[in-house]
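Please keep the 3D view open and follow the points in order.

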Amino acid sequence: MFDAFPYDEWGEDIAGFWTFGPGSSTGTYILTGIGVAVMLIAFVWFVRLENGKLLRQQAALRASGALDRPRGAAVVVETTTTIITDTER
Amino acid sequence: MITSLVPAWLAQAPTPDELKTQIDLSANILLEQFYFWTVVVMWLIHVGFMAYEGGASRRKNLMSTAMKNILTIAVVTPTFYYVGWYIYGCFEPGFPTVGPDSQDGHAGPVQFPGFCGQTAPWADEMGPNLQNHLNAVFFLAFLLFSWTTGSIMSGALIERVRLSAYLILTAILGSFVWILDAAWGWSAGGWLTIRFGFHDAIASGVVHGVAGLFALGVLLNLGPRIGKYTKEGMARSFRGHNTHLTLMGLMLIFTGFYGFYAACLFITPTVFPGWLNIYGSPTTLGAIAFVITVGFAGGFTGGWFASKGDPFWTLSGGLAGVISVSAGADVYHPSLAYLLSISGAIVAVWAGNFIEKRLRIDDAVGAVAVHGVCGFYGVFLVGIFAGGYPTGLANVESSMGGQLMGIMAFIPLAFLPGYFFSWILKKLNLLRVPPEVELEGLDLAEFGMDFYPEFERVPEVIVEPDGREVDSAPVLLDSYWETNGRAPAGAGVGAEERS
């Protein structure tokens, strides 16, 4: 496979021997454009994915009433840990 | 016999031109390897930041904290590749200009004709290239510096910032803000270097100071963690879930710093003096390694005494000490570095307490004090102790005026983008996690699990301003109710509530 590289003919003046190359060619411009587009889409996706998770969890926690201000006597509030709180504070 | 061999041997001997070609190739490969290994060592900085911040977080926020450090690499790498490196190559005069100085269709400083054109993502020098072994590894070293700026900020924001908001902000800091100031003041052709002799050899200001002030701008919009301050404005302390992990992380950061320091130098293996700082002025690898080591020693000492033996501030003091002497590490006498690093650690402890208790800004790991304050303190010290040393290819003398010019340029360049972009995210309600999620812990919302399943859950502890350790749950719930279910106000207890 490496015989494909003409080492005997090559010198130090060989530059940009990459896929879709050489540099500053249509292939590299297109690849760069696609890369930038994917990068920007990834940012949007990071935001959307996390936003959905956080809002769902927030809604679930609110619906559970676990974080509501208690009324009446001492109550036990279930969260990630068991919290015993006193409403007299 | 021998006499007959000599002519044959001479006939096979390389000519001086061939020998020069071989030496140049060997020198280039040596350079390539050198920068490659600095990159490997600098990875430890990010391992360290992840461990440090993970240990400083509460158990319920472990993975969300670590994931910030991991995904820093995912977002800063492409943004720096597509944009950041080009900024470094092309913005040295301030902003690119089109005119007689322009090279290869791009603007570029006269000192390095063509470098600008080599930094575009489609340039020949960014891929396999037998003519140029160095651009790609230079790029990688700078990329690792960029990750570091992001990691500096990440610790300050833990336990309430949205992961996605952090990723956007760290891309802005790592691929736009810091690299623009590096082009201006951390390059041989930068306008601050050429016109004012600005001297910040190992990046006290351009990396640490700028990242710290960017973080400060973000913190003002982000606000403190729920329960951080009492109704009277007194600061409580959260207990990190694993101090051992934090201390080990700091030690890994220190190890990685040696790679960082080494990567800040140029090698000229076939030309005297062999080593140059980033401005092209002479120094040696041994000299800067000496200063960093003495800087740690002085920093630990200063941090220990200033904090009265607090473990966290003792180690952070080591970091602060090194950052305080980095700007002049290429020329400082080791004894001077020892003394200055002690003072830097003392400044960091004082600034950290001032920021937390007086300004009421919740910087979870003291990043603004250690990196921001000590970064600019280090730049300032060069004006006092290294004034007169020639800086850069134009041999402009470093001076207090030049250092102040750099500080005046970098402070707004760092703070304003941090404040502005975090303000936009805040207005879009994308900066901070919902308060209910913050109370429960980010890991359950983000990942749906606890990351210490084999350990029993114990009540979380919080330290009251008077030093009492109490169960944090009632305290946090009380703070949550006080703010009517909204996240606490921004900087200062009396500040207007977030909407």
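1. **Where the chains meet.** Let us begin with the contact between the two chains, which takes 44 residues from chain B and 39 residues from chain A (contact means heavy atoms within 4.5 Å). Between them, chain B and chain A bury about 3900 Å², and carbon and sulfur atoms give 67% of that area. Buried area here is the accessible area, found with a 1.4 Å probe, that two parts lose on being put together, summed over both. On the chain B side, Trp122(B), Leu130(B) and Trp481(B) supply 19% of the area buried against chain A, more than any other three residues.

2. **How to read the model.** This is a predicted model in which local features need pLDDT of at least 70 and side-chain atom pairs count only at pLDDT 80 or more, while totals for chains, interfaces and linings use all residues. Residues are numbered from 1 along each chain as its sequence is written, chains are lettered from A and ligands numbered from 1 in the order in which they are written, and side-chain values use heavy atoms, leaving out hydrogens and water.

3. The rule finds 1 salt bridge across the interface of chain B and chain A (a side-chain nitrogen of Lys or Arg within 4 Å of a carboxyl oxygen of Asp or Glu). Arg62(A) pairs in a salt bridge with Glu436(B), with the closest N and O atoms 3.0 Å apart.

4. **What chain B brings to chain A.** Which helix of chain B gives the largest share of the side that touches chain A? That is α16(B), with 7 residues. By class, this side of chain B has 30 nonpolar, 6 polar and 8 charged residues. Ala, Val, Leu, Ile, Met, Phe, Trp, Tyr, Cys and Pro count as nonpolar, Asp, Glu, Lys and Arg as charged, and the others, Gly among them, as polar.

5. **Two domains within chain B.** The domain assignment, automatic or from a database, divides chain B into domain 1 (24-427) and domain 2 (435-498). Their contact takes 36 residues from domain 1 of chain B and 35 residues from domain 2 of chain B. The two domains bury about 3000 Å² between them, 59% of it on carbon and sulfur atoms. Across this interface the rule finds 7 salt bridges. Glu482(B) forms a salt bridge with Lys231(B), their closest N and O atoms lying 3.8 Å apart.

6. **Two backbone spots to look at.** Most residues other than glycine have a negative phi. Lys308(B), not a glycine, has a positive phi of about 60°. Lys308(B) sits in the loop between α9 (285-306) and α10 (311-326) of chain B, and is exposed at 78% relative accessible area. Asn429(B) likewise has a positive phi of about 60° without being a glycine. Asn429(B) lies in the loop between α13 (400-427) and α14 (435-440) of chain B and is partly exposed at 47%. Buried means under 20% relative accessible area, exposed over 50%, and partly exposed in between, with a 1.4 Å probe and protein chains only. Helices are DSSP runs (H or I) of at least four residues, numbered from the N terminus.

Conventions
Helices (H or I, at least four residues) and strands (E, at least two) are DSSP runs, numbered from the N terminus.
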